Every structure is written in C-alpha cells, then in structure tokens.
Amino acid sequence: MAKDIAYVYDIYIGAPVAKVWKGIVDGEMTKHYVYGTRLQSKLKKGAQYAYVGDGDFKVVDGEILEIEPQKRLVMTWKAHWDESVAQDRASRVTFELSAAGSSTTKLHIVHDDFDDKTATYSGSVEGWPLMMSSLKSLLETGKPLATK
C-alpha cells in the first residue's frame, strides 16, 4: 500500500473565489470542462455525488467528506470511465480555494489516497491540468478550451 502517492495541482484563475466555487460545484458549468459531465449532488457532508454523462452514465461518483462553501471541498473519487479504473478503489480529491487578490483565486487541488500508481491515478494526472485550464478559460473568457 503506497498511500503517500498524491497528485497536487495549483492554478490561479482571474475570477473571485465565489465565481470559482460556482464553477466547481454547478453542474451546468462542469459540463463545459469535466468532459461533458454534470456534477449532481446535494452538496453537504455525507451526501453522494456523481459526474454524470450521456445516458445518465456516472463517470465518477463518491461521497462528500467535507464541504466549506467557497473554501474547501473534499470527496471520495471512484472512477468508472473505463474497465481499468473501475477496478480501482476510491481515492480522494480536495479542492481548496483562497483569494490571491480582489479578483484572482488560487485553486489548490490534491488527489490522493491511491494504493499505487493505479489506472485512476494515471488518468487523473493526465486529466486534471486540462480540466482546470479549461475551467480557468471558462471563468475568464466565458468559453472553455476547445479540446475536440
């Protein structure tokens, strides 16, 4: 068990914390940068959540472990996007937001609690920079990155 394996990513977004928080938790916004999936959840500690794609397919799901609006969101992360990740146990994702000026937010993401460099770890290391760069573009310009 190599639970010290973690992926850490920081990005600065030219938008206030409240707008970045909305971008993270609003399913109408996530569909533009989380591979076409909508976040569905009650957004409270202990609630289930899912990023849902076409045909109500849950691409990722889990439980909200901690939530402090506009500051911190911690959730388990069970991936289902292909057979290799479906065999991995759930890992954990933490989003932390802090003001880096009146209209700039630092978004700190930690994806950890992996058993090893699993398929979920590899897919996430590849996916986080693209998703968060697209979130940044969406919030700053109104358009996500063109990835197709």
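**Group meeting: salt bridges and loops in a predicted chain**

Before going on, a word on what you are looking at. This is a predicted model, in which local features need pLDDT of at least 70 and side-chain atom pairs count only at pLDDT 80 or more, while totals for chains, interfaces and linings use all residues. Residues are numbered from 1 along each chain as its sequence is written, and side-chain values use heavy atoms, with hydrogens and water left out.

Back to Arg-89, then. Which residue does Arg-89 pair with in a salt bridge? The partner is Asp-113, and the closest N and O atoms are 3.1 Å apart. A salt bridge here is a side-chain nitrogen of Lys or Arg within 4 Å of a carboxyl oxygen of Asp or Glu. Arg-89 sits in the loop between helix 3 (83-86) and strand 6 (91-99), and Asp-113 in the loop between strand 7 (105-112) and helix 4 (119-141), so the bridge ties together parts that are 24 residues apart in sequence. The helices (H or I, at least four residues) and strands (E, at least two) are DSSP runs, numbered from the N terminus.

Now let's zoom out to the whole chain. There are 4 helices and 7 strands, and reading along the sequence gives β-α-α-β-β-β-β-α-β-β-α. The radius of gyration is 15 Å, close to the 15 Å from the globule rule for 148 residues, so the chain is as compact as a globular protein of that length. For the record, that radius is taken over C-alpha atoms, and the rule is 2.2 Å times the number of residues to the power 0.38.

Of the 148 residues, 43% are buried. The accessible surface comes to about 7800 Å², and carbon and sulfur atoms account for 50% of that; the areas come from the Shrake-Rupley method with a 1.4 Å probe, and for residues only the protein chains shown count as cover. As for contacts, meaning heavy atoms within 4.5 Å, take those between residues at least 6 apart in sequence: 46% of them join residues at least 24 apart.

Next, charges. The whole structure has 9 salt bridges. Let me show you Glu-28 and Arg-38, whose closest N and O atoms are 2.9 Å apart. Glu-28 belongs to helix 2 (residues 27-30) and Arg-38 to strand 2 (residues 38-41), so this pair links distant parts of the chain, 10 residues apart. Both count as partly exposed, Glu-28 at 43% and Arg-38 at 34%. Lys-31 joins in too: Glu-28, Lys-31 and Arg-38 are linked in a network of salt bridges.

Then there is the bridge between Arg-72 and Glu-66, with the closest N and O atoms 2.8 Å apart. Arg-72 is partly exposed at 24%, and so is Glu-66, at 35%.

Now for some backbone geometry. Most residues other than glycine have a negative phi. Where does Tyr-35, with its positive phi of about 50 degrees, lie? Tyr-35 is in the loop between helix 2 and strand 2, and at 58% relative accessibility it is exposed. Asp-56 also has a positive phi, near 60 degrees. Asp-56 is in the loop between strand 3 (48-52) and strand 4 (58-68), and is exposed at 63%.

Leaving aside residues up to four places away in sequence, Leu-130 touches Tyr-35, Leu-145 and Thr-147. Leu-130 is in helix 4 and is partly exposed at 33%. Its C-alpha is 8.4 Å from that of Leu-145, which is 15 residues away in sequence.

Finally, please find Tyr-12, in strand 1 (residues 7-13), partly exposed at 45%. How many residues separate Tyr-12 and Lys-136 in sequence? The gap is 124 residues, yet their C-alpha atoms are 7.9 Å apart. Beyond residues up to four places away, Tyr-12 touches several others, including Ala-100, Thr-104, Lys-136 and Glu-140.

Thanks, everyone!

Note on methods: Buried < 20%, exposed > 50% of the residue type's maximum accessible area, 1.4 Å probe, protein only.
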